[in-house]
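Reader: I have a model open on my screen. Can we go through how to read it?

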Amino acid sequence: MLVEGVVIVVSILLAFGIDAWWQERQERQAERQQLGVLRAELAENRAEFEYRLRYGNETLQAQNKLIELIGPESEPIQSDSLAALLADAWSFGIAEVESGAIDALLDSGEFRTTGRSDLYRLLVRYRVILTDHREEHSRQFIELRTHLLDYLGTVSPGAFVFGRSDFPVPVVDLLRDQQLEAIVSQLVVRTNQMVLSIEDMIGLADSVSVLLDREVAS
């Protein structure tokens with residue numbers, strides 16, 4: 001009877017141990033899958049960020065070129081050249097990226113443990129910057145772009161920027177207008193902030209990817 005009792009106890013403990021091992025294995029697999037989805041999301045986002053970064057720098061070049069041209073003694077340029085610069089100056093937009101995997105992971109609270117504090121902190125920072133980029137930066141950029149379009153419509157045939165106007169364009173007056181300089185200067189500030197936020201997110205994404213590689217390898 002003693003032997004049978006020991007066998008029963010050992011069997012029960014062994015069953016519990018196997019069940020706990022299996023459950024831990026399933027949780028680990030689910031976690032690895034979650035980390036894989038996060039890595040894929042970051043990789044896709046990084047490609048979009050790289051594209052937007054180049055786009056943003058081209059927009060900044062057009063804006064700064066406009067600032068150089070505008071002044072009290074500005075020389076006239078061709079209206080189509082001015083139209084092209086204006087179009088490039090307001091054509092930048094927010095990076096269209098996904099954040100579902102990051103949101104799910106952060107909202108679960110699973111990565112707040114001490115061993116993963118660095119990863120959690122980087123992801124929180126990444127999401128904060130991304131939220132600002134999507135909401136605050138984009139809102140102010142759109143407002144400035146709308147302000148520029150409204151301004152052009154009051155002092156010139158606004159459609160000339162799109163190559164759709166037969167009316168004469170007051171190029172000299174535009175290039176000597178302080179208000180145009182002020183609006184474009186504000187666009188420069190906003191675009192520069194958006195570009196810097198994208199650079200920050202690229203750096204954070206790279207750091208997160210390094211930590212994720214360590215997690216998967218462990």
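Reader: Is the crossing of α3 and α4 left-handed or right-handed?

Author: This is a predicted model. In it, α3 and α4 cross in a left-handed sense.

Reader: At what angle do the axes of α3 and α4 cross, and how close do they come?

Author: Two packed helices are described by the angle between their axes and the distance between those axes. Here, helix α3 spans residues 100-108 and helix α4 residues 117-155. Their axes come within 11 Å and cross at roughly 125°. That is why α3 counts as oblique to α4.

Reader: Which residues of α3 and α4 meet?

Author: From α3 come Ile102, Asp103, Leu105, Leu106 and Asp107. From α4 come Tyr120, Leu123, Val124, Tyr126 and Arg127. This contact of α3 with α4 divides into seven nonpolar, three charged and no polar residues.

Reader: How many aromatic pairs are there in the whole structure?

Author: A search finds five. Take Trp90 and Phe162: their ring centres are 6.1 Å apart and their planes lie at 50°, so the pair is tilted. The pair links distant parts of the chain, 72 residues apart. Trp90 sits in the loop between α2 and α3, Phe162 in the loop between α4 and α5.

Reader: Where in the chain is confidence lowest, and where highest?

Author: Where pLDDT is low, predicted coordinates should not be read in detail. The chain has a mean pLDDT of 82, and 81% of its residues reach 70 or more. Confidence is lowest in helix α1, at a mean of 75, and highest in helix α5, at 91.

Definitions and conventions:
Residues numbered from 1 in each chain as written. Predicted model: local features only at pLDDT ≥ 70, side-chain atom pairs only at ≥ 80, totals over all residues. Heavy atoms only, no water. Axes fitted to C-alpha atoms, helices over the stretch in contact; angles between N-to-C directions. Helix = DSSP H or I, 4+ residues; strand = E, 2+ residues; numbered from the N terminus. Parallel < 35°, antiparallel > 145°, perpendicular 65-115°, else oblique. Left-handed = near helix turned anticlockwise from the far one by under 90°. Contact = heavy atoms within 4.5 Å. Nonpolar A, V, L, I, M, F, W, Y, C, P; charged D, E, K, R; others polar. pLDDT = per-residue confidence, 0-100. Phe/Tyr/Trp six-rings, centres within 6.5 Å; stacked < 30°, edge-to-face > 60°.
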